[in-house]
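Dear colleague,

Please find below the structure that I am handing over to you. A summary of the findings follows it.

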Amino acid sequence: MLDFFLRGSKRKADPLGNAASAKEWIESLRQEYGSASHDKVSEVVAELNRSGSVLTADRLEAILTINRETAQFHYQLGVQYLMNSRMPKVLEEQLRAQILGYGKEFLEAYQHALSPAFSGEDGRRIYAMLPLVLARMMHYFCECARWSFFQGGSPGEVFWLNVNHVYRFAEEYGLESAPVFLFGEHDEGTTVQDQYLILQMLALLSGGNLTPRQLNFSYELLRLVSNRMVLVREFSQELSFVVVLDEGRPASRCQGTFGSGFYRYWSTAEVSEILHGWLAVLETGHMPTELARLAEPGVDAGLFRVLCREWAAKPIRIQRAERIPVNDRNIEVVHRLATLHRLVRHPDEQRLHTAAALPQDSFSSASDLRIYGFVTSRRMDKVAPGVSGRAGETPLAKEVFNKWEIENISQTGLGVSLDAGGNEWVGLGELLGYKEAESSSWSLGIVRRIRRLQREKIFLGIETLTDRPVAAALRGMDGKAVDPRVMHEHVWQGGVIALFVPLTRGDRSINAIILPVASYMLGKQFCMSARGKLFQIALSKVLEKGRDWYLVEIELVKALEGLPSATP
């Protein structure tokens with residue numbers, strides 16, 4: 001009987017009592033919740049932060065332990081986000097909150113260790129753990145900044161003041177170069193200075209012209225080369241970048257001026273040399289051995305050229321097209337290949353309907369109709385005037401398009417601003433069609449830069465591909481019908497939709513088409529019909545890749561007099 005009461009009075013061990021109890025608690029969480037242990041840990045650390053309890057050496061050891069034991073779960077959440085670019089926005093926001101919430105709670109918990117009030121044996125034990133505490137704080141600061149960069153934003157002044165304050169603390173206690181293993185001995189060694197430099201170097205890429213996966217690759221790359229850079233206090237002409245520790249802003253290029261005692265400088269000469277070596281390998285079509293495990297879509301020679309330019313030891317001057325500010329001008333915008341094709345071909349279809357309504361006494365007119373539309377006059381008479389030939393389509397005159405405000409224009413494109421709400425689909429590399437309200441012709445462009453200047457506003461840089469795209473249809477040279485599995489909206493005039501795009505790259509004029517991803521095969525030949533003419537073309541290299549389209553260079557083999565005959 002007494003034993004019963006004793007068992008009932010037992011209290012659960014505090015999971016944050018010491019390292020041993022923390023590890024035991026994490027093991028029980030793993031068995032019960034699996035990967036959901038990540039959220040349980042966030043809740044417990046948040047409760048600790050709210051309680052305001054005094055930090056002891058045992059408690060700090062426990063916090064470090066549960067952080068280390070759940071770091072793999074945290075890493076997997078980040079991978080899950082990066083690998084699912086089409087994740088619904090609700091799930092994306094939920095995942096983002098999980099990741100940033102975890103880092104925020106540990107940052108706050110570690111902040112309590114940066115107190116000069118500790119003394120005695122407890123103080124000595126906490127001091128011994130400070131290099132790891134500070135390195136992890138920098139790691140989570142970098143994670144927070146990285147997620148801001150993913151969304152085209154940038155952390156504010158308070159964030160950078162906190163980051164610089166933590167690094168100053170590390171310097172004051174002589175801990176900035178103390179080597180640690182961030183999350184266990186399976187990691188490569190690092191230091192507070194390494195983690196600080198990773199964050200500052202990554203901030204140099206926050207111009208909004210890299211995708212989340214490219215930014216994440218750049219972060220992983222910096223983890224490999226951060227130990228090739230060293231912060232110094234004295235300025236010299238060989239140095240590349242500077243950060244001011246008592247200011248709330250990230251690093252910038254050295255301007256050749258001498259600063260106060262809060263200025264720290266570093267050179268990227270050695271890193272730049274390594275990057276150029278890797279770039280040379282990539283330009284041969286191979287991935288450097290050291291980077292093979294990091295390879296993913298979007299990691300190519302083009303990305304390395306950007307890194308070589310942004311992280312160069314000395315500024316590289318590039319000539320940009322002059323941007324002319326404009327006021328009170330808007331563009332109407334659409335996206336998705338099928339929609340773009342329908343709008344581009346609409347003026348031609350209107351002319352076709354007009355021609356079909358005329359007396360059919362002209363042999364050449366009838367011939368043009370047969371070649372271009374592959375329909376008879378009897379079929380055209382059945383189509384109501386002003387209505388598209390595809391069933392179920394809304395008359396274009398009634399369509400309402402997104403409207404964005406033009407901020408500036410240049411020879412190569414334009415800058416626009418738009419509301420963040422309702423435009424969540426916008427991303428780097430997005431193919432757009434746009435025109436000013438009074439114009440009837442559509443231009444094609446690709447989003448090259450995204451900057452979130454305010455919470456409600458986004459700025460986009462759009463490169464214009466062409467202001468005269470041509471709607472086309474592609475048929476196999478074997479004369480067979482389109483595969484029935486092709487989406488209905490991707491079929492037009494008996495072929496697969498495509499947009500003919502004349503390009504100029506440097507001094508070179510290029511014939512190219514935009515077509516659905518599923519239709520591409522290197523070297524494949526098609527019969528392309530466009531504006532009443534037939535051509536035999538061969539697909540060449542891919543110039544740009546979108547989510548559901550490729551921009552492909554083509555070779556014009558020859559003009560055709562008629563459609564290919566079906567082979568038995």
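Both Tyr-102 and Tyr-140 are buried in this model, which is a predicted one. Their rings form an edge-to-face aromatic pair, with 6.2 Å centre to centre and 70 degrees between the planes. Tyr-102 belongs to helix α6 (residues 89–111) and Tyr-140 to helix α7 (residues 120–150), so this pair ties together parts that are 38 residues apart in sequence. Ring pairs also link these two tyrosines with Phe-106, Tyr-110 and Phe-183 into a cluster.

The count of aromatic pairs comes to 20. Another of them joins Tyr-263 and Tyr-265: the ring centres are 6.3 Å apart and the planes stand at 35 degrees, so the pair is tilted. Tyr-265 counts as buried because its relative accessibility is 2%, the cut-off being under 20%.

Concerning the strands, β7 (residues 330–335) pairs in the antiparallel sense with β8 (residues 402–409) over four bridges. Four bridges also join β7 to β10 (residues 431–435), and these two strands run antiparallel. Glu-332 has Lys-403 as its bridge partner in β8 and stands opposite Lys-435 in β10. The charged end of Lys-435 sits over the ring of Trp-442, 5.3 Å from its centre. In a further contact of this kind, the charged end of Arg-146 sits over the ring of Tyr-219, 4.0 Å from the ring centre.

Val-79 is placed in helix α5 (residues 71–83) and, at 33% relative accessibility, counts as partly exposed.

With kind regards

Methods. Residues are numbered from 1 along each chain as its sequence is written. This is a predicted model: local features need pLDDT of at least 70, side-chain atom pairs count only at pLDDT 80 or more; totals for chains, interfaces and linings use all residues. Side-chain values use heavy atoms; hydrogens and water are left out. Buried means under 20% relative accessible area, exposed over 50%, partly exposed in between (1.4 Å probe, protein chains only). Two strands pair if DSSP finds at least two bridges between them. Rings of Phe, Tyr and Trp (its six-membered ring) pair if their centres lie within 6.5 Å; planes under 30 degrees apart count as stacked, over 60 as edge-to-face and the rest as tilted. A charge sits over a ring if NZ of Lys or CZ of Arg is within 6 Å of the ring centre and within 35 degrees of the ring normal.
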